Amino acid sequence: MPMLIMMVAIFAIMWFFMIRPQQKRQKEIQKFRNGLSVGDKVVTAGGIHGVVRRIDEAENVLLIEVADGVRIRVDRNSLYANAEATQQK
């Protein structure tokens, strides 16, 4: 019986310190991705900084301008963070 209580306690501690914070972070990232609008500065998972120029909801794709006249299409799920948030750190 004490072994079972110890296993449950270890799982509870692991969930509280490891799994729960990761789930919270994933929800924040998804909220950011869903709240994007034209003109927002973003950073892709590959580290490319740019400004959102168009959002295609049907294909879940964004058109990002990375330099004057240079635009790339990226999947919305490849966005990592808000560019302003990464520069403040």
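Is Glu65 buried or exposed? Select Glu65 to begin: this residue is buried, with a relative accessible area of 15%, where buried denotes under 20% relative accessible area, exposed over 50%, and partly exposed the range in between (1.4 Å probe, protein chains only).

The model is predicted, so local features need pLDDT of at least 70 and side-chain atom pairs count only at pLDDT 80 or more, while totals for chains, interfaces and linings use all residues. Residues are numbered from 1 along each chain as its sequence is written, and side-chain values use heavy atoms, with hydrogens and water left out.

**First stop: Arg53 and Glu65**

Arg53 lies in strand 2 (residues 49-56) and Glu65 in strand 3, so the pair ties together parts that are 12 residues apart in sequence. Strands here are DSSP runs (E, at least two residues), as helices are (H or I, at least four), numbered from the N terminus. Arg53 counts as partly exposed, at 35% relative accessibility.

**Second stop: Arg76 and Glu57**

Select Arg76 and Glu57, whose side chains meet in a salt bridge (3.2 Å, N to O). Arg76 lies in the loop between strand 4 (70-75) and strand 5 (79-82), and Glu57 in the loop between strand 2 and strand 3, so this pair ties together parts that are 19 residues apart in sequence. Arg76 is buried at 5% relative accessible area, whereas Glu57 is exposed at 55%.

Move to Arg73, which forms a salt bridge with Glu59, the closest N and O atoms being 3.1 Å apart. Arg73 lies in strand 4 and Glu59 in the loop between strand 2 and strand 3, so the two connect parts 14 residues apart in sequence. Arg73 is exposed, with a relative accessible area of 55%, and Glu59 is partly exposed at 47%. Next, display Arg71 together with Arg53 and Glu65: salt bridges that share partners join these residues into one network. The whole structure holds 4 salt bridges.

**Last stop: Val61**

Finally, centre on Val61 in strand 3 (residues 61-67). Val61 is buried, with a relative accessible area of 11%. Leaving aside residues up to four places away in sequence, Val61 touches Arg54, Ile55, Asp56, Arg73 and Val74, contact meaning heavy atoms within 4.5 Å. The C-alpha atoms of Val61 and Val74 are separated by 5.6 Å, although the residues are 13 apart along the chain.
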